[in-house]
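My entries follow in the order I made them.

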Amino acid sequence: MKLENVKFDIDTKLVLNIGDPMRKTNAPRAYNKLFSELDMNAIMLPVEIPKGKLPEFLEACKILKIRYLCPTMPHKKDIIPLLDDVDESSRIFQSVNAIRIDEDGTSHGVGMDGKGALNAILTSGIDLEGKEAVMLGSGSISGVIGLELSKRGIKKLTILNRTADQAEEVAGILNRHTSMETIALTSTSENLDEAAKHAGIFLQVTPLGMAGYGATHEYLGFIDKLPEECLVFDVIINPADTPVIEAAKKRGLRTIPGLKMLAGQMEEIFRFMFQTELTPENKEACIQELCRFLGVSVD
C-alpha cells in the first residue's frame, strides 16, 4: 500500500491497524488523510499479525512505545483478555477496535463499531423509534450494533445467520441487557424473505462480498421484499457498492455504505485516542479520499 499523504519523523505517533489479512484494508488511507487535515504528526500503518501472536505483539508495542492500535478481524475478540481495561459493552460482546496504551504501560480498549454504525445511520435522518430491524450476520460486531439500535428505540431485532447457534447467543445477550425483543433465525431464503417484509432498517454485517474475502451472498432475493421506506446498511468498506448495496440501489432504497461507518467510528476513536474532535468537514474529507482511491462515489 502506498501512503503518499503522510509525514514521518522521530516524534511521529504510530497507529497500527492490525489484522490478518491486511492487504485490502483502507483504514490507513482514511486515518492518514485526517492526520493531514488536522496537521497531526501521526501515521497509521497496516500490520499483519497472525492469530495467536497477540501476546508477543503487545509486548513489542510496549518496548517500542507504540501507543495506539486499531484491531480488525480476527483480533477484535482475542485481544480483550490481554488488555488492562475494556469498556462494559465491549467486554459483553467481545469486540474491541480501538486501543490506547498509556505511558505507564496500561492498556485501554473500546469498541467503536456500534457507535460508528449508529453515527452513519443517523446521518440519513431516519427515526429508529418503534421500528423493526433485520440483521444478516452474527459475528463480533453484531451485538454492539444491536445494543446501539436498542438505545435508539428499535422495538424488535431479527438476527439471521448461517448457523443458528451463534445468532441465538447474540440474541440472548441482547435480550438480557436491553428491552428490545431480539430473535435468532437461520439465514435461509425463506426466513430472509419473511423477515425483510417487516424491516424498517436492514443491516448487512457479514464479510460476504468484501474485496479479497473470496465468498459472496448466495441469495439476495430478499432485497425485493424490503419495504420502500427501508434503509439498507452494510459494514463493508471495500467495495463501497457491495452486492447488498447495489441490489438496494436498484430498488431505489436509501443506502448507507461502510465508508460512512468508518468515518463515524473515527470520530469516536480520535476523541478516545487523541482527545481530538472531528468536524463534519473532517469526516467528509476522509470519505472523499477513500472514494477517490476506490474510484467510487457515495450518495
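Entry 1: I began with strand β3 (residues 68-71) and strand β5 (residues 98-101), which run antiparallel and are joined by two bridges. Tyr68 has Arg100 in β5 as its bridge partner. I noted the terms here: strands (E, at least two residues) and helices (H or I, at least four) are DSSP runs numbered from the N terminus, and two strands pair if DSSP finds at least two bridges between them. This is a predicted model, in which local features need pLDDT of at least 70, side-chain atom pairs count only at pLDDT 80 or more, and totals for chains, interfaces and linings use all residues. Residues are numbered from 1 along each chain as its sequence is written, and side-chain values use heavy atoms, with hydrogens and water left out.

I then traced the open sheet of six strands, whose order is β2-β1-β3-β5-β6-β4 and whose pairing is mixed. Its edge strands, β2 (42-48) and β4 (85-86), each pair on one side only. Which helix packs on this sheet, touching β1 (13-19), β3, β5 and β6 (107-110)? I found α10 there, with its direction at about 10° to that of β5. Contact means heavy atoms within 4.5 Å. Axes are lines fitted to C-alpha atoms, for helices over the stretch in contact, and angles run from 0 to 180 degrees between N-to-C directions.

**Entry 2: α10 against α11.** Two packed helices are described by the angle between their axes and the distance between the axes. I read both for helix α10 (residues 258-274) and helix α11 (residues 280-294): the axes come within 9 Å and cross at roughly 140°. On the α10 side the contact is made by Leu259, Lys260, Leu262, Ala263, Met266 and Glu267, and on the α11 side by Lys283, Cys286, Ile287, Leu290, Cys291 and Leu294. I sorted these contact residues into nine nonpolar, no polar and three charged. For that count, Ala, Val, Leu, Ile, Met, Phe, Trp, Tyr, Cys and Pro are nonpolar, Asp, Glu, Lys and Arg are charged, and the others, Gly among them, are polar.

Buried residues of α11 include Asn282, Ala285 and Glu289, where buried means under 20% relative accessible area, exposed over 50%, and partly exposed in between (1.4 Å probe, protein chains only). Their cover includes α1 (27-37), α5 (113-122) and α10. Just after α11, Gly295 takes a positive phi of about 70°.

**Entry 3: the loop between α10 and α11.** Gln275 is in this loop and has a positive phi of about 55° although it is not a glycine. Is Gln275 buried or exposed? I read a relative accessible area of 60%, so Gln275 is exposed. Thr276 sits in the loop too, but counts as buried at 19% relative accessibility. Leaving out residues up to four places away in sequence, Thr276 touches Leu38, Phe270 and Arg271.

Entry 4: Most residues other than glycine have a negative phi, and most peptide bonds are trans. I logged a cis bond from Asp20 to Pro21, with omega near 10°; Pro21 lies in the loop between β1 and α1. Another cis bond joins Met73 and Pro74, with omega about 5°. Pro74 is in the loop between β3 and α3 (75-78) and is partly exposed at 30%. Beyond four places in sequence, Pro74 touches Gly19, Asp20 and Lys51.

**Entry 5: the parallel sheet.** I found six strands in an open sheet with parallel pairing, in the order β9-β8-β7-β10-β11-β12. β9 (181-186) and β12 (254-256) are the edge strands. Neighbouring strands are turned by 20° against each other on average, direction ignored. Strand β11 (residues 231-234) pairs with β12 over three bridges, and Val232 stands opposite Thr255 in β12. Helix α9 (residues 243-250) lies across β10 (201-204), β11 and β12, at about 160° to β11. α8 lies across β7, β8 and β9, at about 160° to β8.
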